[in-house]
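Please read them with the coordinates open.

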Amino acid sequence: MKKVYVFLAEGFEEMEAVTPIDLLRRAGVDAKLVSVTGNRAVTGAHGVTYLADLLFEEIEEDADMLVLPGGLPGTTNLQAHEGLTKLLLKQHEAHKWVAAICAAPTILASLHITDGRRATCYPGLEDQMDAAKMIPCGAVQDGNVITGRAAGSADEFGLACLRALKGEDTARQVASDIVYRA
């Protein structure tokens, strides 16, 4: 079974965490919300509190994919977590999946993970994407890196993550099940 960790920090964008994890779980992926705060309860940018499945200290380092939701100050708080940034680099160097949406692709850019790759991010943050080749779309995959634009493309981003892990047929079936409109 595929294993995915979606990381939460105070101020994360709720839709960008919940939509991908929901779509992945619908397809039988072992997707877990992981708190980097030291507490299971993490409050998003719009005041909604979620209970993480795991604390960062409880995860195993063999995930198939790591996912970063955006939002502010969630992105800043994720980037400040040294253990997470080390894990992202290790994951990328192992050619495993790394995914980020909205403001969070800037974390990947700061770690040079998006250098030379096609990527997208929240409009207005392109100048923080350094050597990435910016594509103004909902979600883009380049190699083992998936980036998404914003909360409005959380479904497209989640389906891109699902497609990467379980293939086009599974992603198409889940999209059909939720009556997804592209």
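Predicted model: local features only at pLDDT ≥ 70, side-chain atom pairs only at ≥ 80, totals over all residues.

**Notes on the model**

1. Start with the loop that joins strand S6 (65–68) to helix H2 (74–79), where Pro-73 lies. Most peptide bonds are trans, and most residues other than glycine have a negative phi.

2. Which residue in the loop between strand S7 (97–101) and helix H4 (105–110) deserves a look? Cys-102 is placed there. Its phi is positive, about 70°, although Cys-102 is not a glycine. The side of the question that concerns solvent is settled by a relative accessible area of 9%, so Cys-102 is buried.

3. His-112 also has a positive phi without being a glycine, in this case about 65°. His-112 sits in the loop that runs from H4 to strand S8 (118–119). Is His-112 buried or exposed? With a relative accessible area of 53%, His-112 is exposed, the cut-off for that label being over 50%.

4. On cysteines, how many disulfides does a search of the whole structure find? The search returns 0. For Cys-102, the closest cysteine sulfur is that of Cys-121, at 8.5 Å, which is too far for a bond. A disulfide would need the two sulfur atoms within 2.5 Å.

5. Cys-161 is part of helix H5, which covers residues 154–166. Its relative accessibility is 0%, so Cys-161 counts as buried. Which residues does Cys-161 touch, leaving out those up to four places away in sequence? They are Leu-24, Met-65, Ala-99 and Ile-146. For Leu-24, the C-alpha to C-alpha distance to Cys-161 is 7.8 Å, while the two residues are 137 residues apart in sequence.

6. Turning to the chain as a whole, there are 6 helices and 11 strands. Of the contacts in the chain with a separation of 6 or more, 64% are between residues 24 or more positions apart. The pair of Cys-161 and Leu-24, 137 residues apart in sequence, can be viewed alongside that percentage.

7. What radius of gyration does the chain have? The value is 15 Å, and it agrees with the figure near 16 Å that a compact globule of 182 residues would have. The C-alpha trace spans about 35 × 35 × 35 Å along its principal axes. Of the 182 residues, 52% count as buried.

8. Last, the surface and the charges. The accessible surface of the chain is about 8000 Å², and carbon and sulfur atoms contribute 50% of this. The chain carries 17 positive and 25 negative charges, and the mean positions of these two sets lie 6 Å apart.

Definitions and conventions. Residues numbered from 1 in each chain as written. Heavy atoms only, no water. Buried < 20%, exposed > 50% of the residue type's maximum accessible area, 1.4 Å probe, protein only. Helix = DSSP H or I, 4+ residues; strand = E, 2+ residues; numbered from the N terminus. Rg over C-alpha atoms; globule rule 2.2 N^0.38 Å. Contact = heavy atoms within 4.5 Å. Areas by Shrake-Rupley, 256 points an atom, 1.4 Å probe, with all protein chains shown as cover. Lys, Arg positive; Asp, Glu negative; His and termini not counted. Charge placed at Lys NZ, Arg CZ, Asp CG, Glu CD.
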